[in-house]
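Student: I would like to learn how to read helix packing and a ligand shell in a model. Could you take me through one?

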Amino acid sequence: TPRVFSGIQPSGGLTLGNYLGAIKRFVQMQEEDFETIYCMVDLHAITVWQDPADLRRNTRELAAGFIASGISPEKSILINQSQVPEHAQLGWVFSCVARVGWMQRMTQFKDKAGKNTQNVSLGLFGYPALMAADILVYHATHVPVGEDQKQHLELTRDIALKFNHDYGVDFFPITEPVIEGAATRVMSLRDGSRKMSKSDPSDASRINMTDDADAIAKKIRKAKTDPDALPSEAAGLKDRPEARNLVNIYAALSEQSVDQVLREVGGQQFGAFKPMLADLAVSKLSPISGEMARLMNDPAEIDRVLARGAEQAREITAPILKKTYEIIGMVG
Ligand code: TYM
């Protein structure tokens, strides 16, 4: 069976962008004909300094978010990256396969480093090599992600190809990005040209999965829009990034296409549409945040789930790493 891998950084709380761009799809793929592995990527999180207590809490809360959203530890392997050491081990190998020039082209690195390219961690620079290892240490074939990870997945293919070529083997598969749906790029509620992000300094720019109903309604009410009514078809959202974003969110939450949504709400003003969107968001998100809070009352149970996930994962990763080392010529 084809194998799915994807990961999320425990570097802060989950946002609606993570949920619609990634987790919702993770749940769907779990129900389809795939073997699914989902990961808290704590080793990636520390490429930027994390307070240890926050990292511990965010990792468990992310695990709770996965489970509350419908990822079942019975159907999927749910892991924390540092508990499966083969990720870091293959990551080192891929640091030796990937080229510095490839990393320098990564737009996410350029965005995160800004002008300060000399004083970021070496890990932030080499981040995509570890990400390729996350995927390929399972020989995963499908990787569901939001739009912003596309370039990293192209690099994953380049690393697999170069490894196979350099060692004259056909060992690592070429993985397919799965970037689908109305919300592969959820934008900030304050600025339609920036993506919704857990690291945006403005909390009003995003909906957090832990926001309560009042906070969600307030953020949507205050979301930036333009003064025009909603159009009756998708083409009318061109050049209206804020309007398009809210309609995309509505479509993704209600599992309709943008055109279906606009058939229903075209001609309405935002004064009428925003409360509909807020009600829909609250009805979809509050059961999840309620369940997350309940799971967080028993962190020991979360830790047991992750320990079991790590054991299952290592049954896959240990033989793949061993074979990789053999191909390279490591004695042992
Ligand atoms: P991260 O933690 O930034 O985001 C996790 C997932 O959420 C998606 N996402 C979004 N989708 C739509 N709109 C948004 N505004 C939005 N913000 C985030 C991301 O595309 C991602 O799918 N490098 C990865 C983590 C990672 C990984 C991997 C992913 C590490 N190893 C292996 C896949 C496979 C990251 O930083 O995601």
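Tutor: Helix α3 passes helix α12 in a right-handed crossing. A crossing is right-handed if the near helix is turned clockwise from the far one by less than a right angle, and left-handed if anticlockwise. Helices (H or I, at least four residues) and strands (E, at least two) are DSSP runs, numbered from the N terminus.

Student: What kind of model is this, and how are residues numbered?

Tutor: This is a predicted model, where local features need pLDDT of at least 70 and side-chain atom pairs count only at pLDDT 80 or more, while totals for chains, interfaces and linings use all residues. Residues are numbered from 1 along each chain as its sequence is written. As for pLDDT, the predictor's confidence in each residue from 0 to 100, the protein chain averages 97, and 100% of the residues score at least 70. The model scores ipTM 0.99 and pTM 0.97.

Student: At what angle do α3 and α12 pack?

Tutor: Axes are lines fitted to C-alpha atoms, for helices over the stretch in contact, and angles run from 0 to 180 degrees between N-to-C directions. Here the angle is about 130°, with the axes of α3 and α12 8 Å apart.

Student: Which residues make the contact of α3 with α13?

Tutor: The axes of α3 (residues 52-69) and α13 (residues 299-328) come within 10 Å and cross at roughly 75°, and α3 and α13 are therefore roughly perpendicular to each other. Arg60, Ala63 and Ala64 of α3 meet Pro299, Ile302, Val305 and Leu306 of α13.

Student: How do α9 and α12 cross?

Tutor: Their axes come within 9 Å and cross at roughly 145°, and the crossing of α9 and α12 is right-handed. The contact includes Ile216 and Ile220 of α9 with Leu277 and Ala281 of α12.

Student: Which residues are closest to the ligand?

Tutor: A residue is near a molecule if its C-beta atom, placed from the backbone, lies within 6 Å of it. Of the 26 residues that surround the ligand, the closest are Gln9, Gly17, Gly21, Val145 and Gly146. The elements giving two or more residues to this shell are β1 (3-8), α1 (16-31) and α7 (122-136).

Methods. Two residues are in contact if their C-beta atoms, placed from the backbone, lie within 7 Å. Angles under 35 degrees count as roughly parallel, over 145 as roughly antiparallel, 65 to 115 as roughly perpendicular and the rest as oblique.
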